[in-house]
Amino acid sequence: MNDILIIVDMQKGFLQSDRTKELLSKVEALLNKNIFDVVIATQFLNADNSIFEKSFGWTGLKREEEQEIPLELRKHIDYFEDKYIYNCVNSNFVQRLCQLNGGNYPEKIFIVGVDTECCVLTIATSLFENNIRPIVLSEYVDSNGGKESHIAGLIALKRLIGEKQISSIKLESKNQLKTI
């Protein structure tokens, strides 16, 4: 079994606040430890007339510069998954996870990234609903919505996927993954 990490939407357009800039440093430091066997990165791509533009008037992440994942993270990524909504988990994605896990259905997937209350929450919940244990590494997630949004996301995650699936461990070695 491979230890798989999903990096959620760590794109330049989402890494503008002090909170998310600090998160970028934390995730980069985590990746530099080479703890995970497979690293997947989701990339949110906004389109003209998207539900986000229609509902919120939000036109961010349409330009390539905003959509780009910083080089310090890109060099660690084995697979990129584009998405146009909060979620990337569907039957094709689950099949890809199996392929990346040596043909085996993954028992658990680790998750880091932005935004705790939106994409992180939705992806973790969808993995859970697909019988894959999502482990949200709370030291490596945050929100552009601020501290309240981040905390609200963690509270909702505890309710949706269970408290044991939220880990506050600062990872230093691969051995720690076995204890989570």
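1. Accessible areas here come from the Shrake-Rupley method with a 1.4 Å probe. On that basis the accessible surface of the protein is about 8,900 Å², and carbon and sulfur atoms hold 46% of it. The model is a predicted one.

2. The protein has eight helices and six strands. Their order along the sequence is β-α-β-α-α-α-β-α-β-α-β-α-β-α. The radius of gyration is 15 Å, close to the 16 Å that the globule rule gives for 180 residues, so the protein is as compact as a globular protein of that length. Taken along the principal axes, the box filled by the C-alpha atoms is roughly 45 × 35 × 35 Å.

3. Among contacts with a separation of 6 or more, 78% are between residues 24 or more positions apart.

4. One residue is worth a separate entry. S167 belongs to strand β6, which covers residues 166-167. Is S167 buried or exposed? Its relative accessible area is 6%, and S167 is buried because the cut-off for that class is under 20%.

5. The surroundings of S167 can be listed. Leaving aside residues up to four places away in sequence, S167 touches I135, V136, L137, S138, E139 and I180. A polar atom of the S167 side chain also lies 3.4 Å from the backbone nitrogen of I169.

Terms used. Residues numbered from 1 in each chain as written. Predicted model: local features only at pLDDT ≥ 70, side-chain atom pairs only at ≥ 80, totals over all residues. Heavy atoms only, no water. Helix = DSSP H or I, 4+ residues; strand = E, 2+ residues; numbered from the N terminus. Rg over C-alpha atoms; globule rule 2.2 N^0.38 Å. Contact = heavy atoms within 4.5 Å. Buried < 20%, exposed > 50% of the residue type's maximum accessible area, 1.4 Å probe, protein only. Polar contact = N/O pair within 3.5 Å; in protein donor to acceptor, adjacent residues only side chain to side chain.
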